[in-house]
Amino acid sequence: MSEWEALENECRSCRNCSLHIERTNVVFGIGSREAEVVFIGEGPGRQEDLLGEPFVGRAGKLLDDMLSLINLDRKRIYIANIVKCRPPNNRDPLPEEQNNCFHWLDRQLTLLSPRIIICLGRISAMRLIKQDFRITKEHGLWFKYGESDITAIYHPSALLRDPGKRPETFVDLKAIQKRIKDTCVRTY
Ligand code: URA
């Protein structure tokens with residue numbers, strides 16, 4: 001069994017926090033295990049819980065459109081979340097739920113060793129970039145996560161709620177596209 005399979009099997013039987021009680025599926029992550037570019041959301045919603053795949057609801061459709069704007073698709077990147085099970089009523093994952101779950105993502109990132117990480121929204125950025133991350137002021141800025149370059153953009157759900165944020169996100173996406181061209185060996 002590969003390291004990926006072992007990790008996925010272990011994760012699928014996780015009962016480390018109470019989110020496992022109401023889950024239909026663990027949403028482990030999807031995409032290429034060779035990906036140089038990784039997108040990290042916050043946690044599964046209802047559709048994701050039902051299908052076991054990240055970003056398959058309305059926000060996921062918008063994420064696919066955002067990816068195609070910069071010539072990416074799901075097969076060439078990896079997509080995961082900070083927590084693997086759905087928080088009830090789409091509330092933010094609690095700090096202890098994030099703490100209990102984080103080692104799964106950490107192990108995925110170790111296996112992937114991506115060149116570029118893109119946080120989708122505040123929760124992901126506060127976890128992976130810095131605790132006091134301000135998405136309105138700091139989206140589009142670049143930081144380091146170990147050896148990887150890391151940035152954050154608005155969460156697609158925020159863009160659905162407030163289309164006025166879309167022009168800024170377009171600029172961020174174009175900068176991400178350039179960073180990928182400059183940094184990645186295989187993605188383009
Ligand atoms: N929102 C997220 O943060 N992740 C998903 O997988 C779906 C919606």
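The largest cavity holds about 110 Å³ of space. The model is predicted, and local features are reported only at pLDDT of at least 70 and side-chain atom pairs only at pLDDT 80 or more, whereas totals for chains, interfaces and linings use all residues. Residues are numbered from 1 along each chain as its sequence is written, and side-chain values use heavy atoms, with hydrogens and water left out. On a 1 Å grid over the protein atoms alone, a cavity is a set of points where a 1.4 Å probe fits but cannot get out, and a pocket is an open set with protein on both sides within 12 Å along at least five of seven lines; lining residues have an atom within 4 Å of a point. Grid points are joined across faces, edges and corners, and a volume is the space filled by probe spheres set on the points. By this rule, one cavity of 30 Å³ or more is counted.

The lining of the largest cavity comprises 15 residues, with Cys14, Cys17, Arg23, Cys85 and Cys101 nearest its centre. Helices H2 (19–22) and H5 are the elements that give two or more residues to this lining, and H5 supplies the largest share, three residues. Helices (H or I, at least four residues) and strands (E, at least two) are DSSP runs numbered from the N terminus.

The structure contains zero disulfides, a disulfide being a pair of cysteine sulfur atoms within 2.5 Å. Cys11 takes part in none, and the nearest cysteine sulfur, that of Cys14, is 6.2 Å away. From the side of Cys14, the closest cysteine sulfur is that of Cys11, and the 6.2 Å between them is too far for a bond. Cys11 is buried at 1% relative accessibility, and Cys14 is buried at 15%. Buried means under 20% relative accessible area, exposed over 50% and partly exposed in between (1.4 Å probe, protein chains only).

Strand S3 (residues 78–81) directs Tyr78 and Ala80 one way and Ile79 and Asn81 the other way, and all are buried. Strands pair if DSSP finds at least two bridges between them. S3 pairs with strand S1 (residues 30–31) in the antiparallel sense over two bridges, and Tyr78 in S3 stands opposite Gly31. Strand S2 (residues 37–41) runs parallel to S3 and is joined to S3 by four bridges; here Phe39 stands opposite Ile79.

A nonpolar core is a set of buried Ala, Val, Leu, Ile, Met, Phe, Trp, Tyr and Cys residues joined through side-chain atoms within 4.5 Å. The largest such core has 53 residues, of which Val37, Phe39, Ile40, Tyr78, Leu105 and Leu128 touch the most other members. Helix H5 (residues 95–112) contributes the largest share of this core, six residues. With contact taken as heavy atoms within 4.5 Å and residues up to four places away in sequence not counted, Leu128 touches Ile40, Ile82, Phe102, Leu105, Leu109, Ile117, Cys119, Tyr145 and Ile150.

Leu51 lies in helix H3 (residues 46–51) and is exposed, with a relative accessible area of 57%. Not counting residues up to four places away in sequence, Leu51 touches Asn25 and Val56.

About 730 Å³ of space lies in the largest pocket. Its lining has 28 residues, and Glu42, Ala59, His155, Ser157 and Arg161 lie nearest the centre. At least two lining residues come from each of H3, helix H4 (58–69), helix H6 (122–128) and helix H8 (156–161), with H8 giving the largest share, four residues.
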